[in-house]
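Here are my notes on this one, as promised. Have the model open while you read.

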Amino acid sequence: MLAVAGVALGLSLTACGGSGSDSASPSSTASSTATSTAQPGSSASASSSGQGATRTTPAGTAKKSGVSCTNQIDYAGDPRSNAEINSIGEQTGHCPAPEKGGKSSGTPKKSGVSCTNQIDYAGDPRSNAEINSIGEQTGHCPAPEKGGKPAGTPRKPGVSCTDQIDYAGDPRSNAEINSIGEDTGYCPPVQH
């Protein structure tokens, strides 16, 4: 009897709901039905706004205030960029679940060790920062790329290029010259 009274009450409220129509809308009827069929102690409920009980929450982990998703969750191997992942977190308030792309190519990155300290990238045309960034994002150090033989003199192990070659008059700083030597394994030709 209570359920029947609830349906009658729901329908009469819908008819007087200000829409100017005496017929119940489908969403009102669904709401009334949901209200009338809910049993005490059950988890079924309906919204008082007449929109039904279904509410969608974003998938993933709740984003911590002031912390980017990529600093909150390990996304190693996720094919999406950090910017895309963090943007989803900002827009939804939830960090998306990590996605796993196909098996990453390269050598698994050792925890706490940069790729350039783990693998010899001498002759690789990419910067150390780019190589290490790939390792951080994917969890795998990329295979070294060989871009033709670099110009210059092979760098002696343990000797900086500026101690090996006289760069007097070269407009570049010693740090830049030595960095090129470290990155490529070759001391660059002197520039004038």
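1. Terms before anything else: buried means under 20% relative accessible area, exposed over 50%, and partly exposed in between (1.4 Å probe, protein chains only). Helices (H or I, at least four residues) and strands (E, at least two) are DSSP runs, numbered from the N terminus. This is a predicted model, where local features need pLDDT of at least 70, side-chain atom pairs count only at pLDDT 80 or more, and totals for chains, interfaces and linings use all residues. Residues are numbered from 1 along each chain as its sequence is written, and side-chain values use heavy atoms, with hydrogens and water left out.

2. Have a look at helix 4 (residues 82-92), where Ile-85, Asn-86 and Gly-89 are buried. Down the axis, the buried residues of helix 4 fall within an arc of 95° (taken from the directions from the helix axis to the C-beta atoms), so they line one face of the helix. Ala-83, Glu-90 and Gln-91 are exposed on the other side.

3. The buried residues of helix 4 pack against helix 3 (69-72) and strand 2 (94-95), with contact meaning heavy atoms within 4.5 Å. Gly-93 follows helix 4 and has a positive phi, near 80°.

4. Now the disulfides (cysteine sulfur pairs within 2.5 Å): the structure holds three. Cys-69 pairs with Cys-95, sulfur atoms 2.2 Å apart. This pair links distant parts of the chain, helix 3 and strand 2, 26 residues apart.

5. Cys-161 and Cys-187 also form a disulfide. The torsion about their S-S bond is about -90°, so the disulfide is left-handed.
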